[in-house]
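Work through the exercises below with the sequence and the structure at hand. Try each task before reading its solution.

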Amino acid sequence: MRIRSFTVAIALAACAPREPTLPHTTIAGDMAVLDAHPTPALADELVATWLARSPTQIAAAVETAHLDTLCVLSTALARRGRVDALDAPRQLLARRCAGDRKFWGDNHAAPDAAAAIALRGMDLARATPQAIAVVDALLPTAITRAVADGDVARLLAAGLLRHVELEAFLAMADGRTVWLLALALQAPTVDDSAVALALRLLERGGERPEAVDRMALAATLAARWKEDGAYLYLNDELWDNSGDEAQPPLIRTDTWAKFVAAAELAHAEDRVAPAWWRARPLAERAALAAESQARRYRNDRDWAAWLVEQQRQLAAGTSAAPAR
């Protein structure tokens, strides 16, 4: 009887539910488990195991981790003073995950790489306040350095504008908003916030985002970017509160910067363009700028001579807008 009872006890114990345990076969395998369940407790357990076994493999194992997972993992590493197990860009991200918005590191290439990693690893469906804060801090770098346009567009399509301050996003993206929105609108599904912004920029704010032909809207924005590119900007006063309702920014083209092929002058037409240029009708200035751009692409030497002569004639009031 005792033997039978003992046998039954063993059988029952074998059938009883057990706490899940990690096989700890490879860091890559462990990392996949953590990425699926990024909890602080699991991160602590794995970090302790990895540091004792093969800390040099940690940097490679986290390369495909989501941003929220990377933040949890870097916190666990920081508790043990071993953030150095990560590469330079992810060390910077670890500081950002900890809330340090001022730290940029000593490696000048790290911020660009960190911004690209953060945007690539961000999934709004699993966003945490910590991860949103990191993305918000690194968006200016990602956008101005153009290191993650595809991921910025993906996040815009997923609803990024519901998580970041719209005015700040527009200020950092400026004219590149046109291109980023054009990319975002081509996604299979697009959040209404991105469609609404595109419509407002094109002064079509009265239309309902859900009823818009997104691909046609994307084509319009892409054509605008292709034509004017670096010479596009958003009007200086991002939000006009003089009326009952705040008006969003509109797309502008710096015709003088485009005319003289000086993209660095964009957004400064009213300050740097000669009075005789500003006195010309906008349609004439736009036509001259487009003609200048076309000539420069065809033959920049001929264009340089043409530009000098055009400026002389325009200053004298004798030049007419070319036909295209």
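The exercises that follow concern a predicted model.

**Exercise 1**

Find the helix that holds Arg176, decide whether Arg176 is buried or exposed, and name the residue whose side chain makes a polar contact with its side chain.

*Solution*

Step 1. Arg176 belongs to helix α11, which covers residues 176-184.

Step 2. The relative accessibility of Arg176 is 17%. Buried means under 20%, so Arg176 counts as buried.

Step 3. The polar contact joins the side chain of Arg176 to the side chain of Asp149, at 2.4 Å.

Step 4. With neighbours within four places in sequence left aside, the residues in contact with Arg176 are Ile143, Ala146, Asp149 and Trp225.

**Exercise 2**

Determine which residues of helix α10 are buried and how they are arranged around the axis of α10.

*Solution*

Step 1. Helix α10 covers residues 166-173, and its residues Leu166, Phe169, Leu170, Met172 and Ala173 are buried.

Step 2. Viewed down the axis of α10, these buried residues fall within an arc of 165°, so they line one face of the helix.

Step 3. The partners that the buried residues of α10 pack against are α8, α9 (149-158), α11, α12 (192-201) and β1 (232-234).

Step 4. Just after α10 comes Asp174, with a positive phi of about 50°.

**Exercise 3**

State how many residues the largest nonpolar core has, and which of them touch the most other members.

*Solution*

Step 1. The largest nonpolar core has 78 residues, and those touching the most other members are Ile58, Leu119, Leu139, Leu156, Phe169 and Leu221.

Step 2. Helix α8 (residues 129-144) gives this core its largest share, 8 residues.

Step 3. Another core, of 12 residues, lies apart from it; Val260, Trp277, Trp303 and Leu307 are among its members.

Step 4. For Leu119, contacts beyond four places in sequence include Val135, Leu139, Ala142 and Val152.

**Exercise 4**

*Solution*

Step 1. Ala137 is in helix α8.

Step 2. Outside the four places in sequence on either side, Ala137 is in contact with Arg96 and Arg101.

Note on methods: Residues are numbered from 1 along each chain as its sequence is written. This is a predicted model: local features need pLDDT of at least 70, side-chain atom pairs count only at pLDDT 80 or more; totals for chains, interfaces and linings use all residues. Side-chain values use heavy atoms; hydrogens and water are left out. Helices (H or I, at least four residues) and strands (E, at least two) are DSSP runs, numbered from the N terminus. Buried means under 20% relative accessible area, exposed over 50%, partly exposed in between (1.4 Å probe, protein chains only). A polar contact is a pair of N or O atoms within 3.5 Å; within protein, one must be able to donate a hydrogen and the other to accept it, and residues adjacent in sequence count only if both atoms are side-chain atoms. Contact means heavy atoms within 4.5 Å. A nonpolar core is a set of buried Ala, Val, Leu, Ile, Met, Phe, Trp, Tyr and Cys residues joined through side-chain atoms within 4.5 Å. The arc is that of the directions from the helix axis to the C-beta atoms.
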